[in-house]
Amino acid sequence: MTFEPKILGFLCNWCSYAGADLAGVSRIQYPPNMRVIRVMCSGRINPVFIFKTLLTGIDGVFVLGCHPGDCHYLEGNYEAEKKFIMVQKFLKIVDFDKRVRLDWVSASEGARFAKVVSEFIDSIREQGPSPLSGENIDQELFNNLKAMENSVSSDRIRALVGRQRKITEVENEYGEKVPIDEFNAIFDEAIHDEFVRQRILLSLSTKVLSVKDLAAELKLDPSEILENMLTLKSRGEIDYQSIDGNTPLYMRI
Amino acid sequence: MSDKEEEPRIGVFVCSCGSNIGGLIDVKALAEFSKTLPNVVFTEDNLYTCSETGLAQIKNGIKDHNLNRVIVASCTPRTHEPLFRDCVKKEGVNEYLFNFVNIRDQNTWCHQKYPEEAFDKAKDLIRMGVAKAAKLEALENIIVDATPTALVIGGGVSGMTAAHSLANQGFETHLIERETELGGRLKTLYKLFPNDQEAQILLENLKKNVQSNENLKIHTSAQVKNIEGFVGNFEVKVEENGNIIDLTIGVILVAVGTSLFTPTGYFGYDGKTRITQYELESKLKNNDVKARDIVMIQCVGSRNNERLYCSSVCCMTALKNALILKENNPETNVSILFRDLYTPGTHYEDYYRRAREAGVVFVEYSPEKMPSVEENLIKVHNEYLGEDLLIPYDLCVLSTPLVSNNDNKALAQMIKVPLEENGFFLEAHVKLRPMDFATDGVFVCGSAKWPVDITESISQGYAAAARASTIISHDTIEVEGATSFLPDYNRNLCTGCEVCIKVCPYKAINKNEEDDIEITQVLCKGCGVCGATCINHAIIIRHFTDQQILSEIYAYGGKEV
């Protein structure tokens, strides 16, 4: 039997959902693999939703909004795009970014809706079933995505993505506009660090581990682990639990 | 009325929609399946749920089974949600406890060769709908006062018509014109198709109407400087002759019309022997046409890569002016070079016939082989003859499009409405809401949307006035209850970072005097961007809460993660 992917689409009410309806009214046919959650605006999509969806084992997530400049809520789709790019940056760390896609479909583009949905379904079909679907899931991937979900839930990442347009396109509190390259450099670093920190927290929530143990488990340099653990300790999120010989063991608070 | 504490008792009504749904998938089996879902206490299938019978079945279901949540699985919420919301409301169930599942427009109509898969998809969609319904909360719509005043921006034919209509209905109406006199494009015209009426006579009549109405205040040399507020309660700053006036306005009508296009670089336009149709119009008005060989070229600067649209009035304007030229002097040679000739309806087609009878010569050209205007001759390729025609001219008239105003964007931002790709104002829906904007309380008429002729401008003026009066004829306005919301129990989560204030497109979020975040419910349109952005998940998007959306995700994914 060929693999039929399970896809979840988040559609904005005013453009893409209307475009999907128009595909129906025009009897344009496309494969029946996608289920739809209607939201008023693509800007409503909390990045957490996308990770939660992937964690359930759904094979692909499609976010559809109004074309840039056409948002019913003026700029909600621009906010959606910034959040989506962030989600992709996280997923790229584990080479999972091709399982999510963002596109624009207007209320008059029934044929385009059918086309982009068909193409996405084909792309997921080619990639095969999600390693998080079925009985025996890839636990390491699950933990990585869970850490990412926690990252996009964290205030640091949310503050950065929430302020991005204002500080790169208008100006920050001090009347300066931050060049997009400079912003991206800071953002990329924050994404990487937050992911490592959330991954450490996840490991320490079930086990007591040393820096070395964590470095082995996360396949990262011990110095990087230590640096992030010091940050977590200063935030009051982890602490020493005991000392094994000369090696301190950590736990989550 | 249900409250949060009450156990959900969900009723699922599966519509067959004649054979639109039932023809592909088994709606009886879907209704049976729905019975197995959590919190579902009653299910039924209907031939047409939206019919009187179907609605009565919903009402009986609510009564007999004490339902506090209702799901209809059928066409699309975009057309039928209001009907079903109204139905459950009449039976005492809060309208926000109704949930729609789309199994027609986005299912049976699109998967006609896959009945089994479409059935499975419908099952999933109902499962997701039931999961969300269980989490739905009752909401109340918000009632605000409406000021019974109207602001019409633009004193052209459409704006004057709309303003006069509103003032006649007894509403205090303010008509804003940026020039020193009313009239807009009409001021520059000579005679009007389809009845060759003198433009200036129509203008004088319209002016007399608006100037003599005591409900109507005309502001000339005036411009809108700022607009704040929302439907029923706009605060508008108008600069009139250098003075600022503050107005409290209930509804706003956009009737700003168009600008003229100067065809620099097209066919050697020089404003002397190569002029635009509007310049010819002025010459006709002043009886100043001495040329004997006149060639008109249509679609100059429109229907090309730069401007894809048809300006819609130029064919008729050319025919009208050609006929006037012929009537003034039958010896004048008039040729019209066209790509397609657009004369819809009985009156306009009659112009074409009359122009032919009067001896106007029509030559088709194709955009691949554009005519070329030379010293004394115009060369145009005729496809039927397979050769170039050489037409002598002493006046070449270019039919140029009406284009959008440069300052449309500034106005659009003030009233929070979109423009389309050519800079014209974009209505809420081309067929269903042609005079409305998506933003409540703002309407559009005339050429602000796209170029229209005088007849259409007048019709649209009346239409927009009628739409606007549906709002200001009531003392109050009901606003959707599905808005964003910062509940007291989440206030401790709010760090005061103000990201929500920055992302809100409607300026609905502010900090109050106590430095606390405050969301003005009537300004909120419920887009949900603030909630998706809030760094500590403090803001709740009612009717699309995180819990409600996650429940849909989990229902499809098959597990909670």
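Two rings of Phe, Tyr or Trp (its six-membered ring) count as a pair if their centres lie within 6.5 Å; planes under 30 degrees apart are stacked, over 60 edge-to-face, and the rest tilted. By this rule, 17 aromatic pairs are found over all chains. The model is predicted, so local features need pLDDT of at least 70 and side-chain atom pairs count only at pLDDT 80 or more, while totals for chains, interfaces and linings use all residues. Residues are numbered from 1 along each chain as its sequence is written, chains are lettered from A and ligands numbered from 1 in the order in which they are written, and side-chain values use heavy atoms, with hydrogens and water left out.

**Aromatic pairs**

Select Phe183(A) and Phe187(A). Their rings form a tilted pair, 5.4 Å centre to centre with 40° between the planes. The two residues are four apart in helix H7 (residues 180-204) of chain A, which means about one helical turn separates them. Helices (H or I, at least four residues) and strands (E, at least two) are DSSP runs, numbered from the N terminus. Phe183(A) is buried at 2% relative accessibility, and Phe187(A) is buried with a relative accessible area of 2%. Buried means under 20% relative accessible area, exposed over 50%, and partly exposed in between (1.4 Å probe, protein chains only).

Go next to Phe425(B) and Phe437(B). Because their planes stand at 65°, with ring centres 6.0 Å apart, this pair is edge-to-face. Both residues are in the loop between helix H11 (408-415) and strand E25 (442-444) of chain B, 12 residues apart. Phe425(B) is buried at 1% relative accessibility.

Then select Phe84(B), Phe98(B) and Phe100(B), which ring pairs link into a cluster.

**Charges over rings**

A charge sits over a ring if NZ of Lys or CZ of Arg is within 6 Å of the ring centre and within 35 degrees of the ring normal. Lys449(B) lies over the face of Trp450(B), 5.0 Å from the ring centre. At Phe485(B), the charged end of Arg542(B) sits over the ring, 4.1 Å from its centre.

**Nonpolar cores**

A nonpolar core is a set of buried Ala, Val, Leu, Ile, Met, Phe, Trp, Tyr and Cys residues joined through side-chain atoms within 4.5 Å. The largest one has 157 residues, of which Phe10(A), Leu145(A), Ile58(B) and Leu186(B) touch the most other members. Helix H5 (residues 115-135) of chain B supplies the largest share of this core, eight residues.

Centre the view on Leu186(B). Beyond its neighbours within four places in sequence, its contacts (heavy atoms within 4.5 Å) include Val157(B), Leu192(B), Leu206(B) and Ile454(B). Finish at a second, separate core of 26 residues, with Ile275(B), Leu280(B), Ala291(B) and Ala355(B) among them.
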